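Me: I am new to this structure and would like to learn how to read it. Could you walk me through it, one feature at a time?

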Amino acid sequence: MEVSRIIDLFLYAIPTVITGLIAYYFFREHTKNEDGRRRFLLKKDLQVNALPLRLQAYERMVIFLERIIPSKLLIRIAPISTDKESYEALLIQSIEQEFEHNLSQQIYISDKCWSIIATSKNATIQLIRKASMLEKTDTANKLREVVLTEMMERRSPSDTALSFIKEEVSDLW
């Protein structure tokens, strides 16, 4: 008699266990879907708020790159004296200050884009230093002339970074 009673209990327990497992599965899936939906809505809201900040960061970096194009930099910053070393230092200091002013923008742009911008800045500084080391460069005005002549023969380092920024911003849309 005990065995038949255990079998009856087992037969009654099987549907209860199956129903419990099905309920657990459905509640788990429902919770997972709700969590995914909440994350999607949160991400969507963050993107709506972050997009203007990202675009502003790209705009600021474009302004930086435009300002360090050697031809524009030399027009904006006139030599104080005829000493080429002091003018070279003034130009490099201006580029570095401009870059430091925009350091926080790297939060909003991709690592690759930031790397290209930093490379462009360093290439511009290198261009100025190389022009200053030439023997024919003996005054600040001659340094300006040599750098401008160099820019007529090839593209500015900023042009590559500007092209990359334009491409990256177009991918945001």
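Me: Which residues do ring pairs link into a cluster?

Reply: Here is the general idea: rings of Phe, Tyr and Trp (its six-membered ring) pair if their centres lie within 6.5 Å, and planes under 30 degrees apart count as stacked, over 60 as edge-to-face and the rest as tilted. In this structure, F64, F99 and W114 are joined into a cluster by ring pairs. The structure has three aromatic pairs. A word on the source: this is a predicted model, where local features need pLDDT of at least 70 and side-chain atom pairs count only at pLDDT 80 or more, while totals for chains, interfaces and linings use all residues. Residues are numbered from 1 along each chain as its sequence is written, and side-chain values use heavy atoms, with hydrogens and water left out.

Me: Which residue lies over the face of F99?

Reply: A charge sits over a ring if NZ of Lys or CZ of Arg is within 6 Å of the ring centre and within 35 degrees of the ring normal. Here K121 lies over F99, at 4.7 Å from the ring centre.

Me: How many helices and strands are in the chain?

Reply: Helices (H or I, at least four residues) and strands (E, at least two) are DSSP runs, numbered from the N terminus. This chain has six helices and zero strands. Its radius of gyration (taken over C-alpha atoms) is 32 Å, well over the 16 Å that the globule rule gives for 173 residues, so the chain is more spread out than a compact globule. That rule is 2.2 Å times the number of residues to the power 0.38. Along its principal axes, the C-alpha trace spans about 115 × 30 × 25 Å.

Me: What span should helix α3 have?

Reply: The expected span of a helix is 1.5 Å times one less than its number of residues. For the 18 residues of α3 (residues 84-101) that gives 26 Å, and the end C-alpha atoms are 26 Å apart, which agrees. Helix α4, with 23 residues, reaches 33 Å from its first C-alpha to its last, close to the 33 Å expected.

Me: Which residues of α3 are buried?

Reply: Buried means under 20% relative accessible area, exposed over 50%, and partly exposed in between (1.4 Å probe, protein chains only). In α3 the buried residues are K84, Y87, E88, L91, I92, S94, I95, E98 and F99. They cover an arc of only 150 degrees around the axis, which puts them on the same side of α3; the arc is that of the directions from the helix axis to the C-beta atoms. An α-helix has 3.6 residues a turn, so residues three or four places apart point the same way. Exposed residues E100 and H101 sit on the face turned away from the buried side of α3.

Me: Which helices do the buried residues of α3 pack against?

Reply: Contact means heavy atoms within 4.5 Å. The buried residues of α3 pack against α1 (2-67), α2 (70-76), α4 (111-133) and α5 (140-153). Those of α4, including W114 and K121, pack against α1, α2, α3, α5 and α6 (157-172).

Me: Where is E66, and what is it in contact with?

Reply: E66 is in helix α1. At 28% relative accessibility, E66 counts as partly exposed. Leaving aside neighbours within four places in sequence, E66 is in contact with K72 and L162.
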